[in-house]
Amino acid sequence: MIELHGWLAIGETYKDEDLFPQSEIDRINKTVKEIILNCDYKITLQYSNGCAYINTLHCSNHRTPEVYTIIKAYKHISEVATGSYGMIYLKDDEDKDHYNDFQVYVFKKGKCIQRDDIDFSPCIPTIEDEVIR
């Protein structure tokens with residue numbers, strides 16, 4: 001089973017915004033919206049307190065192309081809008097190397113870092129009990 005939870009706060013740049021031209025901000029915002037529209041895999045864009053956020057929940061029985069598309073979209077947005085930051089938590093019980101773990105994708109300053117989770121992993125016994133039959 002695949003379980004993917006993601007969120008990203010979208011910021012045009014992590015540098016001094018006063019020095020960033022409005023035309024560049026407009027271009028970034030247009031690109032981000034195009035990425036989200038073209039992805040079409042449960043990525044929702046919403047605004048709160050004047051800031052843009054995307055959220056994603058994807059669950060399926062097996063790893064599907066949507067998982068790669070979602071991760072790729074988050075990476076692309078964080079590269080285009082370098083002030084963006086957020087995370088994707090991914091659990092894939094069919095991944096032979098991480099079947100009992102969550103993987104974390106951390107997005108900040110235009111980069112994506114993949115790391116092992118320390119809060120929920122190993123899933124058994126951290127969040128689930130082992131089934132003994």
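Let's start with the hairpin. Strand 2 (residues 43-48) and strand 3 (residues 51-60) run antiparallel, joined by 6 bridges. Strands pair here if DSSP finds at least two bridges between them. Strands are DSSP E runs of at least two residues, helices are H or I runs of at least four, and both are numbered from the N terminus.

A word on the source. This is a predicted model, where local features need pLDDT of at least 70, side-chain atom pairs count only at pLDDT 80 or more, and totals for chains, interfaces and linings use all residues. Residues are numbered from 1 along each chain as its sequence is written, and side-chain values use heavy atoms, with hydrogens and water left out.

Back to the hairpin. Leu45 stands opposite Ile54 in strand 3. There are 2 residues between the strands, and Asn49 takes a positive phi near 50 degrees.

The largest nonpolar core has 24 residues. A core here is a set of buried Ala, Val, Leu, Ile, Met, Phe, Trp, Tyr and Cys residues, joined through side-chain atoms within 4.5 Å. Buried means under 20% relative accessible area, exposed over 50%, and partly exposed in between, with a 1.4 Å probe and protein chains only. Ile54, Tyr74, Ile77 and Ile88 have the most contacts inside this core. Among the elements that each supply at least two of its residues are strand 1 (2-10), helix 1 (22-39) and strand 3. Helix 2 gives the most, with 7 residues.

Take Ile88. Leaving out residues up to four places away in sequence, Ile88 touches, among others, Leu4, Ile70, Tyr74, Val104 and Phe107. Contact means heavy atoms within 4.5 Å. A second, separate core has 6 residues, including Tyr89, Phe102, Val106 and Cys123.

On to the rings. The structure holds 5 aromatic pairs. Rings of Phe, Tyr and Trp (its six-membered ring) pair if their centres lie within 6.5 Å; planes under 30 degrees apart are stacked, over 60 edge-to-face, the rest tilted.

Tyr89 and Phe102 are edge-to-face, at 6.2 Å centre to centre and 65 degrees between the planes. Tyr89 sits in strand 4 and Phe102 in strand 5, 13 residues apart. Both are buried.

What about Phe102 and Phe120? Their centres are 5.8 Å apart and their planes at 55 degrees, so this pair is tilted. Phe102 is in strand 5 and Phe120 in the loop between strand 6 (111-116) and helix 3 (123-126), so the pair ties together parts 18 residues apart in sequence. Phe102 is buried, at 6% relative accessible area. Phe120 is partly exposed, at 36%.

To finish: ring pairs link Tyr89, Phe102 and Phe120 into a cluster.
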